Amino acid sequence: MQLVLQLTRDCNFACTYCYQTHSAGRGMTPEVAEAAVERLLDAGHAHVAITFFGGEPLLERETLEACWPALRELGARRGALVTAKVCTNGALLDRSLAEFARRTGLFVSLSVDGGPDVQDTGRPTVDGHSTSALAENALERLRVARAPFATYQVITPANAAVLARSTEWLLRRGSRVFVSTLDFGAPWTPADLRRLGVAYRGLARRYVRWTRRGETFFMTPFDAKITARTQGSRFGKETCCAGVRQIAVDPDGGIYPCIEFLESPKWKIGDVASGIDPASLASVYHDHGGSRPEECGDCGIRSRCASNCACLNLRVGGEMHSIDALLCAHERLVTQAADRIGRRLFQKRDRTFLDRHYNPWHQPLAVLESIFEETAS
Ligand code: SF4
Ligand code: SF4
């Protein structure tokens with residue numbers, strides 16, 4: 001079960017593509033966070049995967065540092081696994097926070113779009129200052145502390161053309177888990193989308209090259225699309241489903257079906273004190289339920305497309321269950337690029353690729369391997 005804890009609605013950045021409404025105010029207390037986890041453990045979930053979210057969650061750093069180890073302990077006492085990641089812009093990520101992440105197994109998702117020219121165009125502070133030095137420092141601290149981390153890029157019409165270069169910049173600074181998403185709020189023109197297609201193909205070539213030279217990395221959305229193909233129907237069972245396999249909790253303890261829903265009180269389905277209201281949840285689930293818009297019909301990539309994501313649909317088209325032309329075009333571009341990667345590496349019988357996507361034991365073994373490496377070092 002995925003649990004998003006929105007520690008604060010406030011943020012110290014003013015990213016050009018941010019879809020959130022920010023406001024200062026009381027952050028989430030450790031008691032609210034604990035009550036949220038208790039609720040899920042009481043419901044019998046054996047694994048609770050927490051995302052500490054904002055705004056910028058490190059504005060509530062004391063709460064994070066106080067409650068994450070306590071929540072992990074709580075899970076252990078109840079015989080459940082509690083894991084966590086924090087999504088941060090990195091401005092407040094100092095050495096001690098990086099070491100805390102390493103020590104406690106807190107996964108860090110660092111939002112950084114690429115080198116200085118890219119980062120400073122899209123991600124200024126609220127005062128309009130550049131943030132590239134802050135992002136680079138955060139990367140360095142995570143790398144030196146050997147904390148587990150991913151980088152999270154937002155692709156815009158302005159930076160799409162240099163996507164491969166930006167990703168290579170992150171690789172050179174130690175990132176090995178690359179996550180990217182599109183700025184769905186931007187006015188993408190047909191020419192922008194053509195440039196994006198070229199950029200994805202360029203990044204796909206880098207993916208092949210890096211894999212062939214033995215780099216270990218994970219790159220979504222490509223890896224997610226390839227996995228969706230190699231796992232077939234098993235894949236759908238693991239994806240999130242708003243309000244059912246995923247909930248989000250606001251700083252006051254209100255429960256929502258997922259991240260995007262935090263933007264409006266009308267989507268509230270309960271609170272941590274009294275639990276989820278079954279009628280409210282049923283209405284969301286009835287409206288959506290993880291299903292796909294009818295218009296998708298028998299599209300050849302429907303089982304691998306994100307059009308069943310209620311959260312994404314809500315952000316892109318304003319409705320949980322609508323099909324959006326930009327989302328549809330983007331899914332096709334990404335899937336085509338991912339399939340080029342798959343074809344190329346499969347033809348070469350690349351061992352790393354085959355392990356990653358066809359060996360169900362690959363992930364557990366990779367984790368064990370990294371633990372032994374840690375112990376040996
Ligand atoms: S750092 Fe995140 S929450 Fe803050 S403005 Fe940027 S996208 Fe929005
Ligand atoms: S690519 Fe378009 S038509 Fe196909 S499943 Fe996705 S949104 Fe639907």
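Modeller: Let's take ligand 2: its shell divides into seven nonpolar residues, one polar and three charged. Here Ala, Val, Leu, Ile, Met, Phe, Trp, Tyr, Cys and Pro count as nonpolar, Asp, Glu, Lys and Arg as charged, and the others, Gly among them, as polar. This is a predicted model, where local features need pLDDT of at least 70 and side-chain atom pairs count only at pLDDT 80 or more, while totals for chains, interfaces and linings use all residues. Residues are numbered from 1 along each chain as its sequence is written, and chains are lettered from A and ligands numbered from 1 in the order in which they are written.

The residues surrounding ligand 2 are Cys296, Cys299, Ile301, Arg302, Cys305, Ser307, Ile323, Leu327, Cys328, Glu331 and Arg332. A residue makes that list if its C-beta atom, placed from the backbone, lies within 6 Å of the molecule. Around ligand 1, the shell splits into five nonpolar, five polar and one charged, with Cys11, Cys15, Cys18 and Glu56 among its members.

Helices (H or I, at least four residues) and strands (E, at least two) are DSSP runs numbered from the N terminus. "Buried" means 20 or more other C-beta atoms within 10 Å of a residue's own; exposed is 12 or fewer, and partly exposed lies in between, with C-beta atoms placed from the backbone. In α7, the buried residues are Leu196, Ala199, Tyr200, Leu203, Ala204, Tyr207 and Thr211. In general, an α-helix has 3.6 residues a turn, so residues three or four places apart point the same way.

What about the length of α7? At 1.5 Å a residue, its 23 residues should span 33 Å, and the end C-alpha atoms are 33 Å apart, so the two agree. (The expected span is 1.5 Å times one less than the number of residues.) After α7 comes Gly214, with a positive phi near 90 degrees.

Next, Phe217 sits in the loop between α7 (190–212) and β7 (218–220). Phe217 counts as partly exposed because it has 16 C-beta neighbours inside 10 Å. Setting aside neighbours within four places in sequence, Phe217 is in contact (C-beta atoms, placed from the backbone, within 7 Å) with Arg176, Val177, Phe178 and Trp210. Arg176 is 41 residues away along the chain, yet its C-alpha atom is 4.5 Å from that of Phe217.

Methods: Two residues are in contact if their C-beta atoms, placed from the backbone, lie within 7 Å.
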